[in-house]
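Welcome to my notebook. I looked up a handful of local details and jotted them down as I went.

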Amino acid sequence: MTTTTDLARHEVSDLTELGQLEQLLALFKLVWGARDAPMPLDLLRAMSDAGGMVLGVFAGPSLVGGAVGFRSAEDPARLHSHMVGVHPDWRRRGVGSAIKYHQRDWCLQRGISRMSWTFDPLQRRNAVFNINHLGAVGHTYLVDHYGPIDDALNAGVPTDRVLMRWDLDRGRPPVPAEAERILDIGEHGEPRQTGGGGDGAVRLRLPAVVASQHVLAWRVALRTAMAPRLAAGYRWTAMTEDGWCVLAPPRTQCGTETR
């Protein structure tokens, strides 16, 4: 199955050949700045053979992006997208969008109506893409979810993640008209608490880039402000280009949270 996007002329295809799978693992190593591949080649080959999602994005003969995912054992109507990577030279050129919308089509053609994935909530650009552009919803805050990872993006930092859910056959969730500000960016880039928040919608501002000396402080701030609210049924439903994320309480979600 192959799809071509008119916008950037990227061809997205299922990867089945051994050489293609080797290229995908090499791409993932480059993207994450890792010494080793993120998974064994034989496991990736087995996933492809078994009908798992193993995708590549080509610009001409060059592999410039890819994705790996698998169905949930507990919920066969959900696919978990484990890895998505774009070559550094091809970022902001539509490759990420081509992957996500091809994933959507791939799932719907197989009767899969939901996708999930994890992402680092301190990666603001990814948050804007996931929530604003796709309409996915932040569902659960996961503390140090993967444990230590020794690559350029994660070394020395707790691997906190937010579990996203994208309902592929539904519209976007409602966004509260008003939200109390509870976390902002301090004068030197540090997190600054601005309110305690009641039981209504709240908003938190994330920096575009987190300075290395403030990463741990921001991890703690989000664990305090975001993690307990998501655990209580709030959902991360909106993200502004200038860094404000909105968490909506359960009563404003109009019955969209049923699973």
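Is R92 buried or exposed? I found R92 exposed, with a relative accessible area of 72%; exposed is over 50%, buried is under 20% and partly exposed is in between, using a 1.4 Å probe and protein chains only.

**Ground rules.** I am working with a predicted model, where local features need pLDDT of at least 70, side-chain atom pairs count only at pLDDT 80 or more, and totals for chains, interfaces and linings use all residues. Residues are numbered from 1 along each chain as its sequence is written, and side-chain values use heavy atoms, with hydrogens and water left out.

**Entry 1: positive phi.** I stayed with R92 and checked its backbone. R92 is not a glycine, yet its phi is positive, at about 60°. R92 sits in the loop between β5 and α3. The helix and strand names come from DSSP runs (helices are H or I with at least four residues, strands are E with at least two), numbered from the N terminus. I then turned to D144, also not a glycine, and found a positive phi near 45°. D144 belongs to the loop between β7 (137–142) and β8 (161–167). I noted D144 as partly exposed, with 33% relative accessibility.

**Entry 2: helix α3.** I compared the length of this helix with expectation. The expected span is 1.5 Å times one less than the number of residues. For the 14 residues of α3 (residues 95–108) that gives 20 Å, and the end C-alpha atoms are 20 Å apart, which agrees. I also listed the buried residues of α3: V95, A98, I99, K100, H102, Q103, W106 and C107.

**Entry 3: salt bridges.** How many salt bridges does the structure hold? I read off nine; each is a side-chain nitrogen of Lys or Arg within 4 Å of a carboxyl oxygen of Asp or Glu.

I looked at D75 and R114, whose closest N and O atoms are 2.7 Å apart in a salt bridge. D75 is in the loop between β4 (62–71) and β5 (78–86) and R114 is in strand β6 (residues 114–119), so this pair ties together parts 39 residues apart in sequence. R114 is buried, at a relative accessible area of 10%.

Next I checked R165 and D167, which form a salt bridge at 3.4 Å, N to O. R165 is buried at 10% relative accessible area, and D167 is buried at 14%.

**Entry 4: around D184.** Which residues are linked with D184 in a network of salt bridges? I found R181, R192 and R205 there along with D184. The D184 and R205 side chains meet at 3.9 Å, N to O. D184 lies in strand β9 (residues 180–185) and R205 in strand β11 (residues 202–205), so the pair joins parts that are 21 residues apart in sequence. D184 is buried at 6% relative accessible area, whereas R205 is partly exposed at 27%.

I also noted what else D184 touches, taking contact as heavy atoms within 4.5 Å. Leaving aside neighbours within four places in sequence, the partners of D184 are E190, P191, R192, T194, R205, W218 and W244.

**Entry 5: the record.** I looked up UniProt, where an unreviewed entry places "domain: N-acetyltransferase" at residues 10–169; positions follow the numbering used here, feature names are shortened, and annotations may be inferred rather than shown by experiment. In the model, that span is 30% helix and 31% strand, and its end C-alpha atoms lie 24 Å apart.
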